[in-house]
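Q: Please take me through this structure one feature at a time, with the general idea before the case at hand.

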Amino acid sequence: MLKSGTAQTRPDQTEDQVDQSLAAGTRFALSPGIKIAVLAHATKVGLPFAPRIMTPTDLQAALRMGCTMVKFFPAMPASCPNMLKTIAAPYADICIGLNPTGGMTMDNVGDWLALPEVRAVGGTWIATKADVAAGNWDKIAANARAAVARVAELRAR
């Protein structure tokens with residue numbers, strides 16, 4: 001699925017998807033897992049790539065491939081920010097960027113953004129499947145504006 005400026009590869013991630021994403025104007029990609037061949041290809045062609053991690057072993061694999069940003073999923077089922085904070089602690093000196101997704105809401109986004117390693121959060125509350133299917137673009141735009149305002153408010157503190 002291609003989005004404006006970003007891509008999220010399908011679970012069967014392939015090098016061709018990386019090439020297709022670049023051709024469509026993608027500036028960075030997120031992935032549902034870590035597939036070394038895909039990460040290597042993305043690095044080779046210059047596409048910043050954030051693979052999904054869940055464990056320190058996943059993070060090590062991403063770091064070995066030169067990833068400076070990773071997607072932490074599923075964030076909420078993984079014991080909220082405490083687990084991510086614990087996983088990230090040994091890597092504080094390398095400035096790894098973390099992007100938790102999975103269970104984010106307007107109510108809990110501040111808990112995640114309080115972690116210095118968290119560069120962004122992802123949340124389907126902005127554009128739910130139902131809203132996309134129904135073409136509720138005004139609602140989605142309003143949700144996105146509200147999310148941006150909430151992040152700005154939290155970062156200003």
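**Salt bridges**

Q: Which side chain meets Glu153 in a salt bridge?

A: A salt bridge is a side-chain nitrogen of Lys or Arg within 4 Å of a carboxyl oxygen of Asp or Glu. Here the partner of Glu153 is Arg157, at 3.0 Å from N to O. Salt bridges that share partners join Arg150, Glu153 and Arg157 into one network. This is a predicted model, in which local features need pLDDT of at least 70 and side-chain atom pairs count only at pLDDT 80 or more, while totals for chains, interfaces and linings use all residues. Residues are numbered from 1 along each chain as its sequence is written, and side-chain values use heavy atoms, with hydrogens and water left out.

Q: Why does Glu153 count as partly exposed, and why does Arg157 count as exposed?

A: Buried means under 20% relative accessible area, exposed over 50%, and partly exposed in between (1.4 Å probe, protein chains only). Glu153 has 39% relative accessibility, so it counts as partly exposed. Arg157 has 69%, so it counts as exposed.

Q: How many salt bridges does the structure hold?

A: The structure holds four salt bridges. One of them joins the side chains of Arg52 and Asp58, at 3.5 Å from N to O. Asp58 counts as partly exposed because its relative accessibility is 21%.

**Two loop residues**

Q: Where is Ile96 found, and is Ile96 buried or exposed?

A: Ile96 is in the loop between helix H4 (80-88) and strand E7 (97-100). Its relative accessibility is 2%, so Ile96 counts as buried.

Q: Which residues is Ile96 in contact with, leaving aside its neighbours within four places in sequence?

A: Contact means heavy atoms within 4.5 Å. With those neighbours set aside, the contacts of Ile96 include Leu59, Leu63, Val70, Tyr91 and Arg119. Thr26 is 70 residues from Ile96 along the chain, and their C-alpha atoms are separated by 21 Å.

Q: What pattern does the protein chain follow, read along the sequence?

A: The pattern is β-β-α-β-α-β-β-α-β-α-β-α-α-α. That comes to seven helices and seven strands.

Q: What radius of gyration does the protein chain have?

A: The radius of gyration is taken over C-alpha atoms, and the globule rule is 2.2 Å times the number of residues to the power 0.38. A compact globule of 157 residues would have a radius near 15 Å, and the protein chain has 16 Å, which agrees. Along its principal axes the C-alpha trace spans about 40 × 35 × 25 Å.

Q: What share of the residues is buried?

A: Buried residues make up 37% of the 157 in the protein chain. Of the contacts with a separation of 6 or more, 41% come from residues 24 or more positions apart.

Key:
Helices (H or I, at least four residues) and strands (E, at least two) are DSSP runs, numbered from the N terminus.
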